[in-house]
Amino acid sequence: MSGMRGWTLRETLIVTVLGAVFAVLYLGWVQVWLIAQAVFGPVTMDVVMGFWFIASIVAAAIIRKPGVAFAAEVLTAAVQILLGSPAGLLLLVTGAVQGAGAEAVFAATRWRNYSLPVLMAAGVGAAIFSFIYTWIRFDYGALQPGILVAMFILRCLSGALLGGWLGHVIVEALYRTGALAGLAIDHEKRSAIV
């Protein structure tokens, strides 16, 4: 892997822009969740949760350096706060937890594998970390075991699909535009062809 040391200015700007864009999308996704919850009930949060992990996965798949997944999620949370999210400063903790879950999966590959299965596993990692956090925060221990298992499975599936798979689709679409030329993703894709 090329350039594992620090981030370049371009990489920093890309993570910043992704954080800002996904902050707006995350706030919009809250409205989707609220409407779906009104129709389908409280487990809906676990079904749609994976989308809130996507910033970490997209940024990491593009930049491919340690700390990118974590930083992207925390930055996205910070921008949401600046945009007036009612969750307030606690959103930074949420972003850190979700980013750490995705980052742990990339760390397990030593930041060398960004294939679709790894991106989906990063979504599951974010789901597991977030489930532990929300268990503590919202006292999930008081819930029926069957509901807990359903919530956990739904959140992991959502992380894999809305976080990992959708993140992969977005990264591939961005790559095809040529906007990612010269970045780690471009170098790895070109070297795989040779």
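So, H6 passes H7 in a right-handed crossing, meaning that the near helix is turned clockwise from the far one by less than a right angle. This is a predicted model, where local features need pLDDT of at least 70 and side-chain atom pairs count only at pLDDT 80 or more, while totals for chains, interfaces and linings use all residues. Residues are numbered from 1 along each chain as its sequence is written, and side-chain values use heavy atoms, with hydrogens and water left out.

Helices here are DSSP runs (H or I, at least four residues), numbered from the N terminus. The H6 and H7 axes, lines fitted to C-alpha atoms over the stretch in contact, with angles from 0 to 180 degrees between N-to-C directions, come within 7 Å and cross at roughly 140 degrees. That makes H6 oblique to H7, since oblique is whatever is left after under 35 degrees (roughly parallel), over 145 (roughly antiparallel) and 65 to 115 (roughly perpendicular).

Who meets whom? On the H6 side we have, among them, Leu119, Gly123 and Phe131, and on the H7 side, residues including Phe152, Arg155 and Trp165; contact means heavy atoms within 4.5 Å.

Now the core. The largest nonpolar core has 43 residues, and Phe22, Trp52 and Phe106 are among those with the most contacts inside it. Such a core is a set of buried Ala, Val, Leu, Ile, Met, Phe, Trp, Tyr and Cys residues joined through side-chain atoms within 4.5 Å. H3 gives the largest share, 9 residues.

Last one: threonine 44, over in H2. Buried or exposed? At 8% relative accessibility, threonine 44 is buried (under 20%; exposed is over 50%, partly exposed in between, with a 1.4 Å probe and protein chains only).

Key: Helices (H or I, at least four residues) and strands (E, at least two) are DSSP runs, numbered from the N terminus.
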